[in-house]
Amino acid sequence: MKRSEINSIMAEADEMIRRHGFVLPPFAFWTPEEFERNKSHAQNVIDARCGWDITDYGEGRYDELGLFLFTLRNGRLTDLQRGGGMCYAEKLLISKQDQLSPMHTHVIKAEDIINRGGATLVVELFGSNDNGQFAEDRGGTVYCDGIRREFAAGEKLKLAPGESVTLMPGDWHAFWGEGGDVLIGEVSTVNDDETDNIFREPIGRFANVEEDVAPTHLLVSDYQTWMR
């Protein structure tokens with residue numbers, strides 16, 4: 001993805017988020033230079049990889065295959081492993097109309113996927129086999145707004161604004177906006193986007209960035225190179 005495209009997506013996402021009554025935290029709007037000056041105070045943000053995350057999954061077709069994310073807060077895997085402390089994470093996502101977030105599952109993370117506003121959110125579901133691998137012929141059980149629901153393999157849940165689904169590790173899922181763009185909330189256990197996303201197809205998690213202009217704000221995938 002070109003950096004100029006990423007900058008534009010950030011501006012559009014901020015406008016949509018505000019339109020639905022949410023405001024991103026102050027560090028979201030730091031320039032790269034401000035982030036550098038504040039990095040000693042923002043080490044927790046950097047280590048937890050909170051912030052802007054825009055991906056085309058390395059395929060170069062963002063409007064068809066992509067996702068906007070902003071990680072608001074993220075806990076510590078060590079706390080989760082010992083069973084106490086900051087064991088949770090929260091994100092805002094935007095799925096554009098017919099923009100696919102591809103079939104994947106998680107090994108550790110359980111998550112609530114919430115339609116925070118906009119159009120309909122479609123979530124396609126499959127179960128897993130005994131090894132946690134994608135099973136084309138298996139359904140399973142999820143909870144929609146706390147209500148137990150059995151799903152058949154390949155069933156497409158349609159979530160209106162305010163509705164949600166709880167997904168457990170091993171629940172394979174893909175999602176997209178239907179009829180327009182959707183603002184999504186994600187509340188989950190500790191999030192590790194580098195190792196805990198298992199995709200059905202061999203794709204990447206992060207975008208390859210072409211630096212055609214300077215970044216307006218840093219992506220979480222920029223931290224390693226900008227915050228040496």
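Q: What does L77 count as by relative accessibility, buried or exposed or something in between?
A: L77 counts as partly exposed, because its relative accessibility is 37%, where buried means under 20% relative accessible area, exposed means over 50%, and partly exposed lies in between (1.4 Å probe, protein chains only). This is a predicted model, in which local features need pLDDT of at least 70 and side-chain atom pairs count only at pLDDT 80 or more, while totals for chains, interfaces and linings use all residues. Residues are numbered from 1 along each chain as its sequence is written, and side-chain values use heavy atoms, with hydrogens and water left out.

Q: And where is the place of L77?
A: L77 sits in helix 4, which covers residues 77-82; helices (H or I, at least four residues) and strands (E, at least two) are DSSP runs, numbered from the N terminus.

Q: Changing topic, how many salt bridges does the count come to?
A: The count comes to 20 salt bridges, each being a side-chain nitrogen of Lys or Arg within 4 Å of a carboxyl oxygen of Asp or Glu.

Q: Which side chain meets R205 in a salt bridge?
A: R205 meets D53, with 2.5 Å from N to O. The pair links distant parts of the chain, 152 residues apart, since R205 belongs to the loop between strand 11 (198-199) and helix 5 (223-226) while D53 belongs to strand 1 (residues 51-55).

Q: Which residues are linked with them in a network of salt bridges?
A: The network of salt bridges links D53 and R205 with K91 and D193.

Q: What about E150, which residue does it form a salt bridge with?
A: E150 forms a salt bridge with R148, and their closest N and O atoms are 2.9 Å apart. In this pair E150 is partly exposed, with a relative accessible area of 45%, whereas R148 is exposed, at 55%.

Q: And which side chain does R149 meet?
A: The side chain of R149 meets that of E155 in a salt bridge, 2.8 Å from N to O; R149 counts as partly exposed at 35% relative accessibility, and E155 is partly exposed too, with 23%.

Q: In which sense do strand 6 and strand 7 pair?
A: Strand 6 (residues 140-144) and strand 7 (residues 147-151) pair in the antiparallel sense over 5 bridges, strands being taken as paired if DSSP finds at least two bridges between them. Among the contacts, T141 has E150 in strand 7 as its bridge partner.

Q: Which residue takes a positive phi in that hairpin?
A: D145 does, with phi near 55°, in a hairpin that has 2 residues between the strands. D145 is not a glycine, and it is partly exposed, with a relative accessible area of 43%.

Q: What is phi of D98 near?
A: Phi of D98 is near 60°, again a positive value in a residue other than glycine, and D98 is found in the loop between strand 3 and strand 4.

Q: What volume does the largest pocket have?
A: The largest pocket has a volume of about 280 Å³, and of its 17 lining residues, D47, A48, R49, N74 and N191 are the closest to its centre. Helix 3 (43-48) and strand 2 (67-74) each supply at least two residues of the lining, and helix 3 has the largest share, with 3 residues. On a 1 Å grid over the protein atoms alone, a pocket is an open set of points with protein on both sides within 12 Å along at least five of seven lines, a cavity is a set where a 1.4 Å probe fits but cannot get out, and lining residues have an atom within 4 Å of a point. Points are joined across faces, edges and corners, and a volume is the space filled by probe spheres set on them.

Q: And how many cavities of 30 Å³ or more does the structure hold?
A: The structure holds 1 cavity of 30 Å³ or more. The largest cavity has a volume of about 140 Å³ and is lined by 18 residues, of which L67, L69, S101, H104 and N197 lie nearest its centre.

Q: Which strand gives the most to that lining?
A: Strand 10 gives the most to the lining of the largest cavity, with 3 residues.
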